[in-house]
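Good morning, and thank you for joining this meeting.

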Amino acid sequence: METMTVERVIDAPIDEVFTWLTTTTNYTASPLVLRCRLARHGKGAPYGVGAVRSHLWLIGWFRERITRYDPPYATEYVVERSLPPSRHELGRVELSEVDGGTLVRWTTRAEIPVPLVGAFLTRHLARPIITRTFRNILDTADAALTQLPRPERA
């Protein structure tokens, strides 16, 4: 298994960043994401625990289930099915308030399940592609959220 983490500070309030990132249909604004659909609503919120998401990215198709939903600080998911096939233990998006906005830490733990060469393919092929995709989605979130008009503070 390979752990992959991408971090980014987005100059926006934590609740706005959490809402944008958990509403994964927003990801289609990224050129690397073709389609995202909420297949089943979660408990207490559309993207809450138990929600099922279907994503078609340039790197493949993923069916994910939300396993933790703690607004505006964290959400976790597991990839139940994918093409190409993968083994997935964890997907986590953690947010915290920092100077300059919201720190997003997106972590996944996965591998390509191919005998003998799976670890090599995961490290040298999947890891750079997945982290680039995560960075691209976070770039898209940053662009979308920092262009929103903000009320003036007293």
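I shall speak in turn about the core, the salt bridges, a helix residue and a surface patch.

First, a word on the source. This is a predicted model, in which local features need pLDDT of at least 70 and side-chain atom pairs count only at pLDDT 80 or more, while totals for chains, interfaces and linings use all residues. Residues are numbered from 1 along each chain as its sequence is written, and side-chain values use heavy atoms, with hydrogens and water left out.

In soluble globular proteins, nonpolar side chains tend to be buried together. A nonpolar core here is a set of buried Ala, Val, Leu, Ile, Met, Phe, Trp, Tyr and Cys residues joined through side-chain atoms within 4.5 Å. Buried means under 20% relative accessible area, exposed means over 50%, and partly exposed lies in between, with a 1.4 Å probe and protein chains only. The largest nonpolar core has 30 residues, and those touching the most other members are Val17, Leu21, Tyr27, Trp57, Leu95, Val104 and Trp106. At least two residues of this core come from each of strands E1 (2–10), E2 (33–40), E4 (60–70), E5 (74–83), E6 (87–98) and E7, and from each of helices H1 (14–22) and H2. Helix H2 gives the largest share of this core, seven residues. Helices (H or I, at least four residues) and strands (E, at least two) are DSSP runs, numbered from the N terminus.

What does valine 104 contact beyond its neighbours within four places in sequence? Its partners include Val6, Ile10, Val17, Leu21, Leu95 and Leu138, where contact means heavy atoms within 4.5 Å.

I turn now to charge. The structure holds 13 salt bridges, each being a side-chain nitrogen of Lys or Arg within 4 Å of a carboxyl oxygen of Asp or Glu. In one of them, arginine 65 pairs with glutamate 80, the closest N and O atoms being 2.5 Å apart. This pair links distant parts of the chain, with arginine 65 in strand E4 and glutamate 80 in strand E5, 15 residues apart. Arginine 65 is partly exposed at 30% relative accessibility, and glutamate 80 is partly exposed at 38%.

A network of salt bridges links Arg68, Asp70, Glu76 and Arg92. Within this group, glutamate 76 meets arginine 68 at 3.3 Å, N to O. Glutamate 76 also meets arginine 92, at 2.8 Å, N to O. Arginine 92 lies in strand E6 and glutamate 76 in strand E5, so this pair ties together parts that are 16 residues apart in sequence. Is glutamate 76 buried or exposed? Glutamate 76 is buried, with a relative accessible area of 14%, whereas arginine 92 is partly exposed, at 23%.

Next, threonine 19 is found in helix H1 and is partly exposed, with a relative accessible area of 46%. A polar atom of the threonine 19 side chain lies 3.0 Å from the backbone oxygen of aspartate 15. The C-alpha atoms of threonine 19 and proline 71 are separated by 8.2 Å, although these residues are 52 residues apart along the chain.

Finally, leucine 116 sits in the loop between strand E7 (101–111) and helix H2 (118–146). Leucine 116 counts as exposed because its relative accessibility is 91%.

Conventions
Polar contact = N/O pair within 3.5 Å; in protein donor to acceptor, adjacent residues only side chain to side chain.
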